[in-house]
Amino acid sequence: MMLMMSTRRICSLVCAVAVLILIAAQATAQLPDRRTFFAFSAPVEVPGVALPPGRYLFRFADPDSGGKVVQVLSEDGKKVYAMFFSIAAYRPSPPDNPEVRFLETPGNAPPAIKTWWYPGESIGREFIYPKTQALRLAKASSEPVLTTHQASTTADQTNTTNLSRVSANGQETQVSAGSKAVANAPKGAANRGEAAPSSLSISPNAAK
């Protein structure tokens, strides 16, 4: 009986060690820019741009300074489709796979990406939309959309200061990018992706 219990304990210990090794290996394999492939079978919106169906590379353009700037590139990493700012978003538990979550928009409108999550991390990124685009999306989805006080129409003019959430009726609620938000389960439809390899070469022009 004691031998059986010892065997069970050893098996449990071995399994626990294996899980820890796996977690450590995944953490080590994570690239600083969190490069991830996402494929879309229909048009989708990101700040400043409507992407046609296809496979895209998402990454941090500034991994050394906090990952506030998100780039969307062609699958081969050579062409930049969008570059925009984001703020940290929090969830109670990390996803098992890379994923983006969409705003709830009508079926006749391209869905807009709200958040991007990396596997094993409970801190993701929420995208900051230009004012005009944010107001349009808020009206279509009936949920507040993160934007800036600037009345810009291009994504590269957005930043992480003077933020607000604009509602369908145009009312804005101030957002402090420096304060940690409450962790909430992410809403909206999910689109899963896959981590891009470190061997993928990013064009020097794209990395700027």
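Two strands pair if DSSP finds at least two bridges between them. The views below show a predicted model.

**View 1. Strand 10 and strand 11 pair in the antiparallel sense.** Four bridges join strand 10 to strand 11, the latter comprising residues 163-166. Within this pairing, T147 stands opposite S164 of strand 11.

**View 2. An open sheet is formed by three strands in the order 10-11-12.** The pairing in this sheet is antiparallel. Strand 10 (145-148) and strand 12 (172-175) are the edge strands, each pairing on one side only. On average, neighbouring strands of the sheet are turned by 40° against each other, direction ignored.

View 3. Six of the six residues of strand 5 are buried.

**View 4. The largest nonpolar core contains 25 residues.** The members that touch the most other members are F40, F58, I113, W116, F127, Y129 and V145. Among the elements that give two or more residues to this core are strand 1 (36-40), strand 2 (44-46), strand 4 (54-60) and strand 5 (69-74). Strand 6 (80-90), strand 7 (99-102), strand 8 (113-117) and helix 2 (131-141) also give two or more residues each.

**View 5. The largest pocket has a volume of about 530 Å³.** Its lining consists of 26 residues. Of these, K114, E126, R165, V182 and N184 lie nearest the centre of the pocket. The elements that give two or more residues to the lining are strand 6 and strand 8. Strand 6 provides the largest share, four residues. By residue class, the lining divides into 13 nonpolar, six polar and seven charged residues.

Technical notes: Residues are numbered from 1 along each chain as its sequence is written. This is a predicted model: local features need pLDDT of at least 70, side-chain atom pairs count only at pLDDT 80 or more; totals for chains, interfaces and linings use all residues. Side-chain values use heavy atoms; hydrogens and water are left out. A nonpolar core is a set of buried Ala, Val, Leu, Ile, Met, Phe, Trp, Tyr and Cys residues joined through side-chain atoms within 4.5 Å. Buried means under 20% relative accessible area, exposed over 50%, partly exposed in between (1.4 Å probe, protein chains only). On a 1 Å grid over the protein atoms alone, a cavity is a set of points where a 1.4 Å probe fits but cannot get out, and a pocket is an open set with protein on both sides within 12 Å along at least five of seven lines; lining residues have an atom within 4 Å of a point. Grid points are joined across faces, edges and corners, and a volume is the space filled by probe spheres set on the points. Ala, Val, Leu, Ile, Met, Phe, Trp, Tyr, Cys and Pro count as nonpolar, Asp, Glu, Lys and Arg as charged, and the others, Gly among them, as polar. Axes are lines fitted to C-alpha atoms, for helices over the stretch in contact, and angles run from 0 to 180 degrees between N-to-C directions.
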